[in-house]
Amino acid sequence: IFYPLISAFFQNRLAIFNYWLLIPMLFGLIIYVFLYSVFWFFVNDFVVPLMFLKKKAFFESFGHFIDIAKKQKFELFIYWLLKIALSIAAGIISLLFLIPLLLIVLIVTLLGVGFYFLMQYLGGSVAAVILTAFYAFVIIMLLILFTSVVMSPVPSFFRVYSLEMVRKLDSTKKK
């Protein structure tokens with residue numbers, strides 16, 4: 001999409017580049033991202049669970065999903081709206097979790113700065129940098145672990161929700 005801009009940059013011709021071309025480029029990018037997102041929404045929320053439940057390959061599951069989608073457009077639309085609402089709620093809950101986490105990070109960072117100055121005073125600047133870098137690495141790894149463990153119910157809920165929705169849609173398709 002941005003080939004003309006990239007080409008002009010590498011050919012040193014940005015001065016003569018028509019910047020009005022950025023409007024259709026951005027419009028094309030928005031359309032591409034929208035279509036890509038819709039495709040992956042259907043694949044991730046319906047085709048992959050169908051592959052798991054039916055023990056079928058991708059294209060078989062995709063065809064099965066198309067059959068379901070043709071007959072139950074309203075249910076898919078409601079699922080999509082609920083998924084948006086639940087994603088917003090999960091984002092708000094994540095932000096509420098993030099505020100205390102940022103406070104903990106601030107305290108740990110201040111302790112790390114104090115640790116750096118203490119080590120610089122006691123052992124010199126090289127030892128202070130090495131020990132503080134190790135301290136930062138350990139704290140960052142613990143932070144990642146803690147965040148992953150605490151936030152793991154969110155993606156798990158969405159996966160189970162899509163599995164249950166696929167089960168429901170597939171069972172009503174047979175009737």
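**Labels and their grounds**

Modeller: Helix 2 gives the most to the lining of the second largest pocket, with 5 residues. This is a predicted model, in which local features need pLDDT of at least 70 and side-chain atom pairs count only at pLDDT 80 or more, while totals for chains, interfaces and linings use all residues. Residues are numbered from 1 along each chain as its sequence is written, and side-chain values use heavy atoms, with hydrogens and water left out.

Colleague: What makes a residue part of the lining of the second largest pocket, and which residues line it?

Modeller: On a 1 Å grid over the protein atoms alone, a pocket is an open set of points where a 1.4 Å probe fits, with protein on both sides within 12 Å along at least five of seven lines, and a lining residue has an atom within 4 Å of a point. The residues that line the second largest pocket are F34, S37, V38, F41, F42, K73, L76, F77 and W80. Helix 2 (22-54) and helix 4 each supply at least two residues of that lining.

Colleague: How do you know how much space lies in the second largest pocket and in the largest pocket?

Modeller: Grid points are joined across faces, edges and corners, and a volume is the space filled by probe spheres set on the points. On that basis about 190 Å³ lies in the second largest pocket, and about 280 Å³ in the largest pocket. Of the 15 residues that line the largest pocket, V105, V108, T109, I139 and I140 are the closest to its centre. Helix 5 (125-151) is one of the elements that supply at least two residues of this lining, and helix 5 gives the most, with 8 residues.

Colleague: How many nonpolar, polar and charged residues does the lining of the largest pocket have?

Modeller: Ala, Val, Leu, Ile, Met, Phe, Trp, Tyr, Cys and Pro count as nonpolar, Asp, Glu, Lys and Arg as charged, and the others, Gly among them, as polar. By that division the lining of the largest pocket has 12 nonpolar, 3 polar and no charged residues, whereas the lining of the second largest pocket has 7 nonpolar, 1 polar and 1 charged.

Colleague: Why is the protein chain called more spread out than a compact globule?

Modeller: The chain has 6 helices and 0 strands, where helices (H or I, at least four residues) and strands (E, at least two) are DSSP runs, numbered from the N terminus. The radius of gyration is taken over C-alpha atoms, and the globule rule is 2.2 Å times the number of residues to the power 0.38. For 175 residues that rule gives 16 Å, and the radius of gyration of the protein chain is 25 Å, well over it, so the chain is more spread out than a compact globule. The C-alpha atoms fill a box of roughly 75 × 55 × 30 Å along the principal axes.

Colleague: Why is F10 called exposed?

Modeller: Buried means under 20% relative accessible area, exposed over 50%, and partly exposed in between (1.4 Å probe, protein chains only). F10, in helix 1 (residues 3-10), has 66% relative accessibility and therefore counts as exposed. Buried residues make up 21% of the 175 residues in the protein chain.

Colleague: What is there to say about phi in N12?

Modeller: Most residues other than glycine have a negative phi. N12, in the loop between helix 1 and helix 2, has a positive phi of about 60 degrees although it is not a glycine. N12 is also exposed, with a relative accessible area of 74%.
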